[in-house]
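Thanks for asking me to look this one over.

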Amino acid sequence: MKKDKLVLVGNGMAGIRTLEELLKLAAGKYDITVFGDEPYGNYNRILLSPVLSGEKTIKQIILNDLDWYEQNGITLHKGKRVISIDRARRRVAAEDGITEEYSRLLLATGSSPFIIPVPGHELEGVIGFRDIKDVDAMLAASKQYKKAVVIGGGLLGLEAANGLLQQDMDVTVVHLLDTLMERQLDKTAATMLQRNLEERGLKFLMEAETESIQGKGRVQSLRFKDGSEIEADLVVMAVGIRPNIELAKHCGLHCERGIVVNDTLQTYDPRIYAVGECVQHRGVTYGLVAPLFEQARVCANHLAEYGIGHYEGSVTSTKLKVTGIELFSAGNFNGDEGTEEIVMQDAAAGVYKKIVLKENRVEGAVLYGDTVDGAWYFQLLRDDTDISEMREQLMFGQGHLGNAGHGGENAAAALPDDAEVCGCNGVTKGDIVKAIIEKGLFTLEDVRTHTKASASCGSCTGLVEQILADTVGGDYSVAQTTQPLCKCTDYSHDDVRNTIRQEHLTTIQSVMETLDWRTPDGCSSCRPALNYYVISAWPDDAKDDPQSRFINERAHANIQKDGTYSVVPRMWGGVTSPSELRAIADAAEKYSARLIKVTGGQRIDLFGIRKEDLPAVWADFNKAGMVSGHAYGKSLRTVKTCVGSEWCRFGTQDSTGLGIKLEKMTWGSWTPHKFKIAVSGCPRNCAEATIKDFGVVCVDSGYELHIGGNGGVRVRATDLLCKVATEQEAMEFCGAFMQLYREEAHYLERTAPWLERVGLAYVKESVIEDAVRRESLYKRFLQSQKTARKDPWKQIAGDDKESRNFSPIKMVDTASN
Amino acid sequence: MSEWIEIGALTEIPKLGSRIVQTPTGDIALFRTSANAVFAVRDRCPHKQGPLSQGMVHGNTVTCPLHSWEIDLTSGGALPPDEGCTHTYATRVEKGMVMINLKVS
Ligand code: SRM
Ligand SMILES: Cc1cc2nc3c(=O)[nH]c(=O)nc-3n(C[C@H](O)[C@H](O)[C@H](O)COP(=O)(O)OP(=O)(O)OC[C@H]3O[C@@H](n4cnc5c(N)ncnc54)[C@H](O)[C@@H]3O)c2cc1C
Ligand code: SF4
Ligand code: FES
């Protein structure tokens, strides 16, 4: 059977993407011919900016080389311009006379830079910024000449200007209005941007309208409406683009600003499709790749005769590709009467964020200086998410949702799977993670090739790298950029830990002095971290600083929203007795607990206890032989167990007994984040050991040890560390693993993200393969437990002065204002 | 009549810590900074009434224990980007004793 013929006019980004999508869906369906008037294969137009600035080469931005066309049986007529379409005969003709017949025709002719028709615009040295030819012209000029003028202070103009600056030209940007990038930025962000660019050496002439260009053969100068002049050896016009519609118009297709298409990307002639910048859909033309790629998907779907896709228009977001400048904008960022704004500005840090809200929905956003959360805001905008629940945290970004801190500063980890990471190609985090796992990818290049994430404009590269690092852990080779511990210092967690060890620093104050802290007392982020770091490094010498602990750890109970506390006594391995239950019941009555609840950690919680009663409650519990459950601490929480071999018909070992032993060994220990253990008696795993920081699953022949599980915000099943034969070994490995985590993880980094950061291989090496290291870790663990395994309740309840601090200093009967 | 009330010894308030003064109209939080300055504010965070006395003190600021708003103890105002204010009271330390004035702020 003879195949249908598909002809594509325009060898650019939208057209070729449509073919790629089509080949995925229906590879052999068409004989495909492509006409392109540029003399190359298909390249990534977006990355012309980094080519101009010297950060990339042409070779690096080629998307499909000539082999690709050949391998896919595509005939490419490169360097050939199509000049006419004969719709009656279904034939297209190129300049040099070649003709091709089609059964379906796809127009993807893109657009051309608009050249302002002022006198002199045709002089040599006056160009647009659209293709390789233009970049070549600019690079050539930069070698020969000094002065460049870019007309247009929009996205494209600024990228051109930055590129020319990198090529050592003296660059002036001429802009008609008084703010840059007015279509993407509000005034504040635009001003910050302009200041930043000026610092880099760009010059600006604002509110200047070009009247004419002078020169003999080549441009020499520019004159403005106000009569002033400026010298120029090169003029780049970046004032807008015009869809290339002449070809379509000539053959009688309906065009307005662009070639008019419907939701299946068909023109008024249903055999002829059009995608890309040349089309007008529902009255809108686009100038960014993300919407064009969405069009390409739908169009391919239709060409493959699947007929299920519909294109309904796109919301777009933008980023500026100037290295070192972080800028993001989306939606209605200026706001109007019906909208409200949340604004955050830190001029010193060069950060500005504005979120425009309407009826509890994100309408638009401008971010300058810190754009990590751009993807998230954009998703909220596109999903039309009701944000009333998270309004207070919205400005701080996704990492702050819920309880701050568990993911560290890692924005990638906080992203849900359906969050769009690469806006250009519509790739979600889930797509990326899946590809990494299923295809065993290790490098950014691999991820690009397999998912197209970050393969277009590249501005999501950092996020993609983070996801890669998160997913493959320590095997990922590119160095992680280190974040300062908090705003009081430039040093990272690791810097601080190392210094504490090397300099034998045992107090928070001495760390701050040694490392030139910017604030006298630090802040609520660094003080708890420093306190933890000194006591974990020097358990015998360092003194705990209660004032540097979060209130729960200071009050040894959990603060509730009404200011009262909850109290959880330890219940070893989840096992209790009538006398313990009686003591709990008595305390509940005596101190009017308002709720008694069995926790998710196999013990009992008393809620609504007044702070001043805490020492007395504890004294009562101590009398009944009970100690603090540390339900409040960055410390060992619970050791959950199942009944095990003593009772259960499937039990293989005494899981309850081992759980209790583990808990007696580990309780009271301070850890970077909370630490949970569980022991299940058989692989049915009733104690859920495989989502714990350390989990033991008993089997007939011994004990499987599992690490790095997490059941919280982001569920992570454990990795198998190893199998051991005896309880004693299980305990030794547990202690060694905990000690490694204690000594090396960042404060507030739970075992799961820590493990993903350092890699399972590293932990295995330290705890299993290197027996000497394991023994010394275990020894250090036991050593530090000697001081830690003291009941804080007993210490406070037995100390009058300490107990007094839980009560008001004074009661006065004068009413206060 | 003097409006100043003697509360107790400065040493009764832990450094970088706080104690509460109970009054018929609600608790007042007394804070002692690392420079031994004493501040008194109503013990209710402008956000959701969190007990500021249970927060962490640094500089002249306390971080609310419930959702980490930062409150400037000199003015009672929340630090940007948050907005809101809690009432402040005048304090002074005389011969090691902390005095508070419930009328003047
Ligand atoms: C009481 C309890 C709920 C219950 O009624 O069952 C509870 C209560 C709280 N959990 Fe939990 N969690 C409780 C079991 C769990 C469990 C289940 C478990 O341990 O098997 C999980 C999931 C397992 C895990 O941690 O991997 C759990 C995952 C979390 C998380 C998320 C942790 C994460 O890494 O994603 C937080 C937030 C945090 O720690 O930053 C949290 C935080 C909290 C806090 C401390 C929130 C806060 O900061 O105030 C709650 C304190 C309430 C209070 O005053 O007691 N709670 N929490 C459970 C106490 C168990 C105990 O006996 O100690
Ligand atoms: C320097 C620069 C930076 C950019 N940065 C970004 C960015 O960061 N993010 C973003 O989303 N977008 C960016 N864009 C825009 C993006 O590149 C375009 O939206 C996209 O390339 C448009 O794709 P297209 O296929 O519609 O057009 P094109 O990629 O222009 O492809 C059209 C092709 O058709 C050819 N053609 C036209 N007429 C004919 C004819 N009659 N016969 C044969 N061939 C013909 C043209 O030569 C061209 O090769 C940038 C553009 C430039 C120039
Ligand atoms: S106890 Fe319930 S409400 Fe509180 S943190 Fe845990 S899941 Fe959330
Ligand atoms: S109540 Fe203080 S921050 Fe929410």
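1. Ground rules. This is a predicted model, in which local features need pLDDT of at least 70, side-chain atom pairs count only at pLDDT 80 or more, and totals for chains, interfaces and linings use all residues. Residues are numbered from 1 along each chain as its sequence is written, chains are lettered from A and ligands numbered from 1 in the order in which they are written, and side-chain values use heavy atoms, with hydrogens and water left out.

2. A parallel sheet in chain A. The strands of this open sheet follow the order β5-β2-β1-β9-β21, 5 in number and paired in parallel. Because β5 (74-78) and β21 (272-274) of chain A sit at the edges with a single partner strand each, one side of each has no neighbour in the sheet. From one strand to the next the twist averages 15°. Helices (H or I, at least four residues) and strands (E, at least two) are DSSP runs, numbered from the N terminus, and two strands pair if DSSP finds at least two bridges between them.

3. Inside that sheet. Strands β1 (residues 4-9) and β2 (residues 30-36) of chain A run parallel and are joined by 6 bridges; V9(A) faces F35(A) in β2(A). Helix α1 (residues 13-25) of chain A lies across β1, β2, β5 and β9 (104-107) of chain A, at about 150° to β1(A). Contact here means heavy atoms within 4.5 Å; axes are lines fitted to C-alpha atoms, for helices over the stretch in contact, and angles run from 0 to 180 degrees between N-to-C directions.

4. Ligand 2. This ligand is surrounded by 31 residues, and D37(A), E38(A), R130(A), E277(A) and K321(A) are the closest (a residue counts if one of its heavy atoms lies within 4 Å). A backbone N or O atom of A14(A) is 2.7 Å from an oxygen atom of ligand 2, and an N or O atom in the side chain of R130(A) is 2.6 Å from an oxygen atom of ligand 2. The elements giving two or more residues to the shell around ligand 2 are α1, β2, α6 (155-166) and α9 (289-303) of chain A.

5. A second sheet in chain A. This open sheet has 5 strands in the order β34-β35-β36-β37-β38, with mixed pairing. Its edge strands, β34 (636-641) and β38 (719-724) of chain A, each pair on one side only. Within the sheet, β35 (residues 675-680) and β36 (residues 694-699) of chain A pair in the parallel sense over 4 bridges, with V679(A) opposite V696(A) in β36(A). Helix α23 (residues 727-744) of chain A lies across β34, β35, β36, β37 (702-707) and β38 of chain A, at about 145° to β38(A).

6. A hairpin in chain B. Strand β9 (residues 97-101) of chain B pairs with β8(B) in the antiparallel sense over 5 bridges, and V93(B) stands opposite V98(B) in β9(B). The hairpin has 2 residues between its strands, and K95(B) in the turn has a positive phi of about 50°.

Conventions: A polar contact is a pair of N or O atoms within 3.5 Å; within protein, one must be able to donate a hydrogen and the other to accept it, and residues adjacent in sequence count only if both atoms are side-chain atoms.
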